[in-house]
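Subject: Handover of a structure

Hi,

Here is the structure I promised to pass on. My notes follow below it.

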Amino acid sequence: MDTAVLEATYADMQGIAGREMNRGQMKEVEAITAVYTGDLLDGWYHDWCLHHRERLQAVYLALLDKLMGYSEAFCQYEGGIQQGTTILGFDRARERTHRRLMRLYYLAGHRTSALRQFDRCRHALQHELGVSPSQSTLALYEKIRSDLPLT
C-alpha cells in the first residue's frame with residue numbers, strides 16, 4: 001500500500017463528513033481503504049515505526065468512519081456494517097462506532113443485532129476501559145429496545 005496516497009486521500013477528505021461525500025469521493029475513499037493491508041512494518045517495535053504505524057492506522061480508521069457515514073446517509077446499511085466491524089477489529093472499545101453499528105443494524109431491519117451490538121459495546125467498554133456506555137449510547141439502546149423511530 002502506498003502510504004502517501006492514503007495520507008493524500010485523508011487530506012482531501014478533511015472537513016467533509018461521510019454523509020456529505022459525493023459518489024466520486026466515496027469511490028476514492030473506498031478504493032484506498034480496500035488496499036490497506038494491515039499495520040506498517042508489523043512486528044517492528046522501534047519508536048519511529050510505532051509512531052507512524054499508529055498515525056496511519058488512525059487515518060485508515062477515520063476514512064472507514066467517513067464511509068460509514070456515507071453508507072448510512074445513502075441507505076447502504078450492509079456496507080456500513082462491514083466498515084464498522086472492521087473498525088472494531090482495530091479498536092473494540094470505540095463507542096461511537098458501536099453506536100453507529102447499532103443504528104445501521106436497526107435501520108437495516110435487524111433489531112436483534114442492534115441490541116446485541118449494545119451488549120458488545122457495554123462489555124468492551126467495561127473490559128477495556130472500566131466504564132459504562134455514555135448517555136447517548138444508552139438513549140439509542142432504549143429507542144431500539146422500545147422499537148421507536150430513530151431521528
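Is D147 buried, partly exposed or exposed? D147 has a relative accessibility of 48%, so it counts as partly exposed. The cut-offs are under 20% relative accessible area for buried, over 50% for exposed, and partly exposed in between, with a 1.4 Å probe and protein chains only.

Two notes on the source. This is a predicted model, where local features need pLDDT of at least 70 and side-chain atom pairs count only at pLDDT 80 or more, while totals for chains, interfaces and linings use all residues. Residues are numbered from 1 along each chain as its sequence is written, and side-chain values use heavy atoms, with hydrogens and water left out.

Overall layout

The protein chain has seven helices and zero strands. Its pattern along the sequence is α-α-α-α-α-α-α. Helices (H or I, at least four residues) and strands (E, at least two) are DSSP runs, numbered from the N terminus. Of the 151 residues in the protein chain, 40% are buried. The chain exposes about 8500 Å², and carbon and sulfur atoms supply 51% of that area. Areas come from the Shrake-Rupley method with a 1.4 Å probe; for residues, only the protein chains shown count as cover. Now the contacts, meaning heavy atoms within 4.5 Å. Among those with a separation of 6 or more, 57% are between residues 24 or more positions apart.

Helix α1

Helix α1 covers residues 3-13, and L6, T9 and M13 are buried in it. They span an arc of only 65° around the axis, which puts them on the same side of α1. The arc is that of the directions from the helix axis to the C-beta atoms. Just after α1, G15 takes a positive phi of about 80°.

Start with Q83, which lies in helix α4 (residues 77-90). Q83 counts as buried because its relative accessibility is 11%. Its side chain reaches the backbone nitrogen of M68 at 3.3 Å. That is a polar contact: a pair of N or O atoms within 3.5 Å where, within protein, one must be able to donate a hydrogen and the other to accept it, and residues adjacent in sequence count only if both atoms are side-chain atoms. Leaving out residues up to four places away in sequence, Q83 touches L64, L67, M68 and S71.

There are three aromatic pairs in the structure. In one of them, the ring centres of Y60 and F90 are 5.6 Å apart and the planes are at 70°, so the pair is edge-to-face. The pair links distant parts of the chain: Y60 is in helix α3 (residues 47-73) and F90 in helix α4, 30 residues apart. The rule covers rings of Phe, Tyr and Trp (its six-membered ring) with centres within 6.5 Å; planes under 30 degrees apart count as stacked, over 60 as edge-to-face and the rest as tilted. Y60 counts as buried, at 7% relative accessibility. F90 counts as partly exposed, at 31%.

Cysteines and phi values

C75 is in the loop between α3 and α4. At 53% relative accessibility, C75 counts as exposed. C121 is buried, with a relative accessible area of 0%. With a disulfide defined as a pair of cysteine sulfur atoms within 2.5 Å, the count is zero.

Most residues other than glycine have a negative phi. C75 has a positive phi, near 55°. D147 also has a positive phi, near 60°. D147 lies in the segment after α7 (135-145).

The loop between α5 and α6

A108 sits in the loop between α5 (95-107) and α6 (111-129). A108 counts as partly exposed, at 26% relative accessibility. A108 and Y77 are 31 residues apart in sequence, yet 5.9 Å apart in space, C-alpha to C-alpha. Not counting residues up to four places away in sequence, A108 touches Y77 and E78.

Helix α7

Which residues of α7 are buried? They are T137, L140, Y141 and I144. Their arc around the axis is only 105°, which puts them on the same side of α7. The buried residues of α7 pack against α5 and α6.

Best wishes
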